[in-house]
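Hi,

Here is the structure I promised to pass on. Could you look through it when you have a moment? My notes follow below.

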Amino acid sequence: MHPGCHKANSYQVSEFLDSIARLFPETDGFCHPDWKAIAEQVESRFPREEWDEWFTEAALHWVELVVEKAKGEFYLHQTDNSILLSPESEEKVEAMCHFCESARKDILNRLKGIAKSWGYGKCVIFMFAGEQDYYQYISHFYKDGEHALSGGIFIASGGYDHLAFVERPRTPYQAILRHELAHSMVSHLCLPVWLNEALAMAMENRPFKLNAELLDRHRACWNEKNIQQFWSGTTYDEPKAQELSYHLAQVLLRKIQEDLHPSEMQMAVFVNVAHFSDAGEEACWRVFDLSLGDLMGDFLGPGHWAPGPEQWPRAPEAPPKMGAL
């Protein structure tokens, strides 16, 4: 809550939650609130300077309802900007929350003019104890069909942006959290999927890998037809193409940064102007005076690599709803 804001007493909180209790239905095995209706209640009943507090109260109630259905014992911890639910020990949950705060500040600093802080209500982060609960929870936000596996996800659909990931004791959580936090902090932009993912991966602080074997795999995989699926963003949810799609996005961003040497302002303008409807092609021409296809051709070899939205099965009507890792 921001300094100077109204602080509700327990009676006010109880009365508010009772009034919106019907707006927390259970579907697909977990609570998935009607955030549009909750927002209407908050915005009609309280002054704008109190919205952050009341959205946070609603979010805390939601987290408690999710806990009731999840398997295992959980700890909940709050910081100034986050609510984290995890099966880890209380000490580890507190450490994870502090990590989220420092990661948030670092992302704001490294993506100046691009990333933005959270909106109304604290950032909710669900850490599930097992894959069954994790996939059952996130399936609510997917269409039926086969989808690629993930270790964590930023969910921008449903009305309240939040993060979900699964506990994996042998896998450090830091890179996953940084990745998904980055997604949440650029979600106000209409980014192409490749650029959204490339920025999130850049925030992970993992070493970039490119060798002859990977280069050969890319050149064997991509052609002038399926590159359009990459540009449109559909390959990120295809199990067979997911790995190379993520890596190709990294390659493209690194080529922009290392071959074109953009200033901080140029990079910010490019990212802010880049639009999912053409994969950022117009933005690339406007800021760097060349096509994304030129950069791609420098990596994959001669060919017609530029984004061609007219070749996509249908023109995208909205930016991607989720970023997965």
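Tyr236 and Tyr246 are both buried in this predicted model. With ring centres 5.2 Å apart and planes at 90°, the two make an edge-to-face pair. Tyr246 belongs to helix 10 (242-259), while Tyr236 sits in the loop between helix 9 (227-232) and that helix, so their contact ties together parts that are 10 residues apart in sequence.

That is one of 24 aromatic pairs counted in the model. Another edge-to-face pair joins Phe126 and Tyr137, at 5.4 Å centre to centre and with 65° between the planes. Phe126 is in strand 5 (residues 123-128) and Tyr137 in helix 5 (residues 131-139), so here the pair links parts that are 11 residues apart in sequence. How buried are the two? Phe126 has a relative accessible area of 1%, and for Tyr137 the value is 0%; since buried means under 20%, each of them qualifies.

Phe126 and Tyr137 also take part in a cluster held together by ring pairs.

Strand 3 (residues 75-78) and strand 4 (residues 82-86) run antiparallel to one another, paired over four bridges. Across the pairing, Gln78 stands opposite Ile83 of strand 4.

Best wishes

Key:
Residues are numbered from 1 along each chain as its sequence is written. This is a predicted model: local features need pLDDT of at least 70, side-chain atom pairs count only at pLDDT 80 or more; totals for chains, interfaces and linings use all residues. Side-chain values use heavy atoms; hydrogens and water are left out. Rings of Phe, Tyr and Trp (its six-membered ring) pair if their centres lie within 6.5 Å; planes under 30 degrees apart count as stacked, over 60 as edge-to-face and the rest as tilted. Helices (H or I, at least four residues) and strands (E, at least two) are DSSP runs, numbered from the N terminus. Buried means under 20% relative accessible area, exposed over 50%, partly exposed in between (1.4 Å probe, protein chains only). Two strands pair if DSSP finds at least two bridges between them.
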